Amino acid sequence: MANIMANDITSGTSTVSPSNSGSIKIYRNFIGGEFHESLSGQTFENLNPADTRDLVGVFQRSNAQDVDAAVRAAKAAFAKWRLVPAPKRAEIIYRAAEILLSRKEDCARQMTREMGKVLKETRGDVQEAIDCAYFMAGEGRRMYGVTTPAELANKAAMAIRQPLGVIGMITPWNFPMAIASWKLLPAIVAGNCCVIKPAEDTPLSTFNLVQALADAGMPDGVINIVTGYGPEAGAPLLDHPEVRAISFTGSSKVGKLIAQACAGNFKRCSLELGGKNPMIVMDDANLDLALEGALWGAFGTTGQRCTATSRIILHKDIYEEFATKLVARARKLKVGNGLDEAMEMGPAINQRQLDQDLKYVEIGQSEGAKLLCGGNRLCEGDHANGYFLEPTVFGDVTPKMRIAQEEIFGPVVSLIRCESFEEAVEFANGIDYGLSSALYTKDVNRAFAAIRDLEAGITYINAPTIGAEVHLPFGGVKQTGNGHREGGVGSLDFYTEWKAVYIDYSDTLQRAQIDNAD
Ligand code: ADP
């Protein structure tokens with residue numbers, strides 16, 4: 001099998017890094033089972049956001065020509081891959097799961113280095129890819145279609161799933177392996193071939209995932225990796241005539257561009273975009289449980305999840321007590337390099353994200369919200385070379401403030417007071433997004449009303465807004481997406497076309513769609 005890891009592909013090109021005195025690893029694009037430098041002749045650096053002196057690797061800064069080569073390789077591989085029986089495709093995916101399991105710790109450590117989130121979370125990210133692989137391996141023996149009676153005698157009718165061809169994938173940095181697995185694995189089990197453009201901040205984890213698949217026996221060209229910046233290496237996928245569909249996870253701003261480009265090219269397009277996820281805590285809730293959930297939901301992954309808890313809507317009778325306790329706990333969170341097991345929260349992914357977080361701290365204050373804790377960059381001692389921000393809590397936030405409406409994507413949470421359950425739901429729904437939502441209560445009637453009424457693709461009862469499981473549908477309503485779902489069997493709907501099949505065994509011309517009354 002092709003070995004796509006840097007050590008094997010740099011063959012003699014490694015040099016000594018001045019920063020960590022190890023060898024610099026140079027990764028090349030993985031196209032048709034081979035390694036290619038970008039035709040642009042340019043590369044970019046993948047830096048550790050907890051310590052930017054640590055160079056994780058050097059990656060190709062690809063352009064439209066590289067993308068074209070990858071798409072052609074995928075198209076060539078598709079001719080054979082579509083004919084491999086789905087259970088055989090699934091066996092490769094199953095083996096990849098086993099391989100990843102054996103490499104889980106290494107992959108997690110490398111992910112923490114390139115992405116910043118703490119080890120517990122990166123282990124979870126790799127595990128998510130493993131779980132996705134087990135689940136999708138099972139689909140290789142299901143991928144159920146429909147058999148149904150035909151309206152004429154001696155005629156059979158069925159609907160079968162067929163692959164589309166070449167799928168383009170553009171992924172974000174916050175779940176660098178899990179999100180890549182949600183896209184790649186249903187696509188390939190269904191018989192498609194892929195070109196993936198990982199986020200420029202975290203390409204290594206995609207290499208690690210695809211390495212496991214390659215080692216498990218995936219044929220050359222079934223998955224191709226092209227690294228680089230969005231407008232240079234992502235955008236060419238949108239216009240390429242051989243790409244049949246685009247699966248994108250990222251910001252709403254870029255999602256809109258992608259939807260527009262895909263519409264112009266008649267491409268199927270799946271968008272997984274922003275969130276501004278509410279957690280409602282009622283006066284009858286188990287407050288200690290809600291507190292733990294709030295800390296995890298708001299500050300896990302440094303608030304950099306599309307499902308992060310970014311608004312906590314508190315019943316007025318428990319507002320003060322909850323706010324006081326949350327602030328006390330947020331102040332104690334250990335912020336630092338995620339490779340240190342004692343740490344509870346890592347850095348922002350990059351300078352741009354940190355600047356955005358700090359900008360919203362200013363916006364919140366200028367809008368009249370009360371900064372209860374945090375709001376400052378941490379830059380002394382161990383924090384000196386990373387993008388660290390204090391866990392930040394705003395109180396007295398009103399529902400229409402910008403900090404309660406716009407996605408920040410950082411460790412900044414807004415507390416909003418409500419008078420009643422009905423008002424809490426109104427506040428929760430009063431935004432453009434609709435990804436995740438949560439309600440803490442012991443009242444079963446309210447729980448079911450919330451499940452019905454919260455405008456979101458995911459609702460948790462007595463759990464925070466984060467923690468999706470891979471066999472359930474993942475996605476949002478309103479401006480969070482365009483109606484598709486990842487995870488679960490529903491993800492196959494995006495990666496397959498339905499074909500209706502009629503088999504007439506009457507030996508006569510039977511006419512459907514006309515009146516056959518006699
Ligand atoms: P974030 O702000 O979280 O980095 P983005 O939406 O900017 O989210 O990025 C998500 C993914 O989209 C990344 O892989 C990025 O390179 C890619 N991307 C950014 N801009 C474009 C673009 N104009 N066309 C295609 N892909 C893009």
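The shell around the ligand holds 9 nonpolar, 6 polar and 3 charged residues; Ala, Val, Leu, Ile, Met, Phe, Trp, Tyr, Cys and Pro count as nonpolar, Asp, Glu, Lys and Arg as charged, and the others, Gly among them, as polar. This is a predicted model, in which local features need pLDDT of at least 70, side-chain atom pairs count only at pLDDT 80 or more, and totals for chains, interfaces and linings use all residues. Residues are numbered from 1 along each chain as its sequence is written, and side-chain values use heavy atoms, with hydrogens and water left out.

**Shell around the ligand**
- Of the 18 residues around the ligand, T171, W173, K197, E200 and S251 come nearest (a residue is near if one of its heavy atoms lies within 4 Å).
- Helix 8 (230-239) gives the most to the shell, with 4 residues.
- Helix 8, strand 10 (243-249) and helix 9 (252-264) each supply at least two shell residues.

**Polar contacts** (pairs of N or O atoms within 3.5 Å)
- In the side chain of S251, an N or O atom is 2.6 Å from an oxygen atom of the ligand.
- W173 has a polar side-chain atom 3.1 Å from a ligand oxygen atom.
- From G230, a polar backbone atom lies 3.2 Å from an oxygen atom of the ligand.
- The protein buries 85% of the 540 Å² that the ligand exposes when taken alone (Shrake-Rupley method, 1.4 Å probe).

**Whole protein**
- The protein has 16 helices and 21 strands (DSSP runs: helices H or I, at least four residues; strands E, at least two; numbered from the N terminus).
- Its C-alpha atoms fill a box of roughly 80 × 70 × 40 Å, taken along the principal axes.

Technical notes:
A polar contact is a pair of N or O atoms within 3.5 Å; within protein, one must be able to donate a hydrogen and the other to accept it, and residues adjacent in sequence count only if both atoms are side-chain atoms.
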